[in-house]
Amino acid sequence: MSAREREVTATPATPSQPYTPFVPCAQQVPRSRAGFRLGIGFGIGIGSGFTKVSRATSARRSSAGLDLLGLVLLPVPLVALMLPAAFAGGGTRRWFGGRSESQRAEAQAAKDAAAAAFYELDTAQRDLRISIETITAVDDTPPARRAVADFEALGRRIDEVSHTYIDAVDAHDLDRDDLEASVAAHARTELTRAKDELARVKQELDRFEQGLGPLLGKAETQLARLAPAVERARQSLLAASNALDAVRGTGLKADDLAARLAALAPELTKLNQGAGQHGVPETLERADRVARDAGAVRAEAERLPERATEIDRRLVSLRTRAQALTTRSGQVNPVLSELRRRFVAECWQDLQHVPDQAADAVRQAEVKLAEARTAREEQRWADATALLSTVRALLNGTDEAVSAAGDRLRRLNEVSKDPQREIERTRFAIRDAQRLAMAGRNTPDPRQARPLDDSVARLERAIGSLEGRHPDYWHFLTELEAVRATVGGVVSQIREERGAGA
């Protein structure tokens, strides 16, 4: 219950009375403030900004009317004798308000000011409660929980000052005709104190609201994202469903995509139940995930006709390649025969199993191709793609092995005719590395000089291995390749070190 609701329930209702102006004669007398001070029998009581007329006041009005009528009918000399007695206060009620009416007015002003402060505090509390509810709906972090606890503590403080204000209002009836000046002054003091307390708590509430800025901004941002995110997820699901229907209309099956789309149905149900049941952060995360998964299903459904065409093309291409490799693998035996005839065993013995391995790999590839074609006909797209990848790997390995035999014969023929070409190529690489190592230095770095010196020694040993009747040209080639690789590593090291130093 808010502070204003507590005031309404705590303050007893006062029945309203209609205001009926008194007209003493056919010509109505103007009612000025001086008229009120003179009294003339009207008996006006002021409270809460409105004129309230009691039954006693009405009776006095009737009596005053009769007195006025009597005064009019009396002779002028008699009236002159009676007027001083009337102003002298021959009765028990004073005709002039005096100090009591002034204190009543000040007390009433204090009451109005306290009521305004109470209303401002109640309005601020209502607005701040909406902000707190917004934060708690989105944020469950320790700062958010601490803000809720602080707001509850402020609410208890507001209850205290509100009860003080209501008790002060109920304790003093400022509309009483016999209100004494001391009572009115006491009421003014209490109402002023209540107003000050209300204003002080309002300032505390304002400071607390200013501190909620970051939390409230974050919460409002997430709430602003909520509706668009949920709608985006729904539209993504609808688009995925339409894309799936379009693909099926072309005669293609998409059972796996349909199963993935059906798995999103429970998530859509939770989205429709709303953030009030599942929480704002969880709903935002769920909406993003549904939109992402549904978008993936839609993209794959739209690509499915193209994917089917691609699988058909790969089936034809890989079958043609398998047939070509079968032909090429039959040419490996003549190449091996020439290698055996012209070079030592070390130059060709690692290739003697290539024909059998190539034939076996081609047979496996043909089996996998048949399985892939079956998967394509059954529209098991994932299985067909995986089988085609296996076929491609088998054919790639076979192609390399078959090519290796012919490449070996070619390289051995070249080096046997002119080994000097490989020697000069390696020496150039060593000399270039040595110049780089000595650039800007008087003595080389041992970490770089040692591997370069070892490379020179390996080159000389490889050249020496060519002496004899049947040299091992394959060992010569592989050794020079290893020397060039070592030299290249030294060059890279030098450049990296100098680049880092620069």
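Colleague: Happy to look at this with you! Is Gln-379 buried or exposed?

Modeller: This is a predicted model, so every value here is computed from it. Gln-379 has 17% relative accessibility, and the cut-off for a buried residue is under 20%. Gln-379 therefore counts as buried.

Colleague: Nice. Where is Gln-379 placed, and what is its phi?

Modeller: Gln-379 sits in the loop between α14 and α15. Its phi is positive, in a residue other than glycine. The value is near 60°.

Colleague: Let's go on to α15. Are α12 and α15 roughly parallel or roughly antiparallel?

Modeller: Helix α12 covers residues 280-329 and helix α15 covers residues 381-417, and their axes lie 10 Å apart. The two pack at an angle of about 25°, while angles under 35 degrees count as roughly parallel. So α12 is roughly parallel to α15.

Colleague: And what kinds of residues make up the contact of α12 with α15?

Modeller: The crossing of these two helices, α12 and α15, is left-handed. Their contact residues divide into 14 nonpolar, six polar and six charged.

Colleague: Which residues touch the most other members of the largest nonpolar core?

Modeller: That core has 77 residues. Elements giving two or more residues to it include α5, α6, α14 and α15, and α12 gives the most, with 15 residues. The residues that touch the most other members are Tyr-165 and Leu-212.

Colleague: Good to know! What does Leu-212 touch, leaving out residues up to four places away in sequence?

Modeller: Leu-212 is one of the 77 residues in the largest nonpolar core. With those sequence neighbours not counted, Leu-212 touches Leu-128, Ile-132, Ile-135 and Ala-147.

Terms used
Residues numbered from 1 in each chain as written. Predicted model: local features only at pLDDT ≥ 70, side-chain atom pairs only at ≥ 80, totals over all residues. Heavy atoms only, no water. Axes fitted to C-alpha atoms, helices over the stretch in contact; angles between N-to-C directions. Helix = DSSP H or I, 4+ residues; strand = E, 2+ residues; numbered from the N terminus. Parallel < 35°, antiparallel > 145°, perpendicular 65-115°, else oblique. Left-handed = near helix turned anticlockwise from the far one by under 90°. Nonpolar A, V, L, I, M, F, W, Y, C, P; charged D, E, K, R; others polar. Core = buried A, V, L, I, M, F, W, Y, C linked by side-chain atoms within 4.5 Å. Buried < 20%, exposed > 50% of the residue type's maximum accessible area, 1.4 Å probe, protein only. Contact = heavy atoms within 4.5 Å.
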